[in-house]
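Dear colleague,

I am handing over the structure we spoke about, and I would be grateful if you could look through it before reading on. My notes on what was found in it follow directly below.

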Amino acid sequence: MSLKKHSGSLELGECTRNPGYRDVDGDGSAAETIGDHPGEKRDSTSVKLDSEAAEEYTQLRPYAGMPKEVLLLYSSQARYRVPREILFWLTVACTLALVALTIAVIALSPRCLSWWQSSPVYQIYPRSFKDSDGDGVGDLKGIQEQLDHFQYLNIKSVWISPFYRSPMKDFGYDVEDFRAIDPLFGTMQDFEDLLAEMHNKGLKLIMDFIPNHTSDRHRWFNLSRLRDPHYEDYYVWTDCNATTPRPNNWVSVFGNSSWTYDEVRGQCYLHQFLKEQPDLNFRNPHVRQEMIDIIHFWLGKGVDGFRMDAVKHILEAAHLRDEPQVDPNKPPELVTSEWDLHHDYTTSQLGLHDLLREWRAEMDIYSREPGRYRFMVTESYDYHEVDKTMMYYSTPLVKESDFPFNFYLLDLPQNTSGLWVQHLVHLWMANMPKGQWANWVVGNHDKPRIASSSGHTYIRVINMLLLTLPGTPTTYYGEEIGMENINVTDSQIQDPRSPMQWSDDMNAGFNNKTNITWLPVHPDYRTVNVEVENSFSMVQFGRNIWPELACIIPL
Ligand code: NOJ
């Protein structure tokens, strides 16, 4: 081996030795050090280089101090190599074991429940909950006055039925302006105050999102019937005969043809509900964008979730062909009810789930802060087409609804035997996709109250069933005290929407300023009211079971 010095650099010959290295293995080959005479041994501290040489020596890169050949020579010796390899494989094994352990802990530990899983959902019908200004109709300020009721009941999630500006042909499900509060219920300031107060009290607010239709008083509809180029296709229009406006046999959920002739535009428009609720055309990208903007508007205000209304109706087949009759022999002119047709072209159309998934993704944008998950529940009555309902859960990789409403317990009144209950519970549990979250509904503004449909005796047991089944229970205002339907005239709304019974005061405490209420108070309010229910002592049989059972989270 030789080390030649040229101007400004050191050059390694075929074999270079570290000047400070001493061969202790005794093969003699490394015993000579640079500049040493054979046989003379020096340690590294004794190597003296003049300053010029020292500077040049630093240019030996990257193995300054120990030349590469020496390093390789010794690093391949068994006493270095074996421990090194053992340490290497030990590190690999430990890392893999740690990763496996972490995965196992995550997989096996109980999931942290989100807010929509750990409390029942309580539905408020705002017209009927609490009237703060004495005009006979409930309002947002009234809801705010009564927030302690939820704290008493141990309820954290409150769904408030529509309070958008509306001509109220379908009591708020006919929206005139998706960004405004109807004056009947208050102002935007009242809404913001209510939401802030709910959040202060640890309550979550879910509101209705009504994508299928608007009111015929919505600005979009007026522009559409005038054929404004931008809005022309915002709704589903087709040519039809003005005197017999039935371009096909489709029928509305509320009965009769789902087409109405519009004189302004000279065409028919589709409405799957009232004629005052024209269906939006979701094949128009502008309409899709409008609805996304509305989702952002309310999420930006801080609402915690949406109950998506009538989702299966959102899309219709573009070909507008007749739907098959359930009874093919029925004369076509007698086909007037939704039960007369198989809704192959007006419900659950291809593309529906893509829309819902897109909305879910928009909601996820607002769900990233801790504790601010935005919840989505879909409303679709698929009756016993259970597969269609389960589709709203989507797949483990693609999110959609957190759960679709489970309406099967609404069939309880048909038969209150244990076997029937078991059948209805099983229907959901056996069909729900693995890993998803169940839910149970026993009442809403469209269905009779438990006490009226199943009988007074069943109120407590049905409430108990609701609160102890695995999953999220949904209850309707007044069910916690066993309110009943009222007897109303044909001209009044038939569904269970009478004023909440708070006490045995005037108008059951719904309001105390006037004697008017938009629907009559049920005459049983003197004994069936919140004050009476809450005043039972712990030891009295029949005490309201809600507060205790609402704390249970059955998994
Ligand atoms: C379902 C609502 O619950 C019902 O009250 C309403 O009439 C329809 N959707 C139409 O929006």
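This is a predicted model: local features need pLDDT of at least 70, side-chain atom pairs count only at pLDDT 80 or more; totals for chains, interfaces and linings use all residues.

Asp 446 has a polar side-chain atom 2.5 Å from an oxygen atom of the ligand, and for His 445 an N or O atom of the side chain is found 2.8 Å from a ligand oxygen. In the case of Arg 307, the distance between a side-chain N or O atom and an oxygen atom of the ligand is 3.1 Å. Of the 300 Å² that the ligand exposes when taken alone, the protein buries 94%, and the space that the ligand takes up is the largest pocket.

Turning to the strands, there is an open sheet of eight, paired in parallel and ordered β13-β12-β11-β7-β4-β3-β15-β14. Because β13 (403-404) and β14 (439-441) at its edges each have a single partner strand, one side of each is left without a neighbour in the sheet. Further in, β3 (residues 121-124) and β15 (residues 472-476) run parallel and are joined by three bridges, with Tyr 122 standing opposite Thr 475 of β15.

A second open sheet consists of three strands in the order β8-β10-β9, and here the pairing is antiparallel. Its edge strands, β8 (237-238) and β9 (259-262), each pair on one side only. Between β8 and β10 (residues 267-270), which run antiparallel, there are two bridges, and Thr 238 has Cys 268 in β10 as its bridge partner.

With best wishes

Note on methods. Residues are numbered from 1 along each chain as its sequence is written. Side-chain values use heavy atoms; hydrogens and water are left out. Two strands pair if DSSP finds at least two bridges between them. Helices (H or I, at least four residues) and strands (E, at least two) are DSSP runs, numbered from the N terminus. A polar contact is a pair of N or O atoms within 3.5 Å; within protein, one must be able to donate a hydrogen and the other to accept it, and residues adjacent in sequence count only if both atoms are side-chain atoms. Accessible areas come from the Shrake-Rupley method with a 1.4 Å probe; for residues, only the protein chains shown count as cover. On a 1 Å grid over the protein atoms alone, a cavity is a set of points where a 1.4 Å probe fits but cannot get out, and a pocket is an open set with protein on both sides within 12 Å along at least five of seven lines; lining residues have an atom within 4 Å of a point. A molecule sits in a cavity or pocket if more than half of its atoms lie within 2 Å of its grid points.
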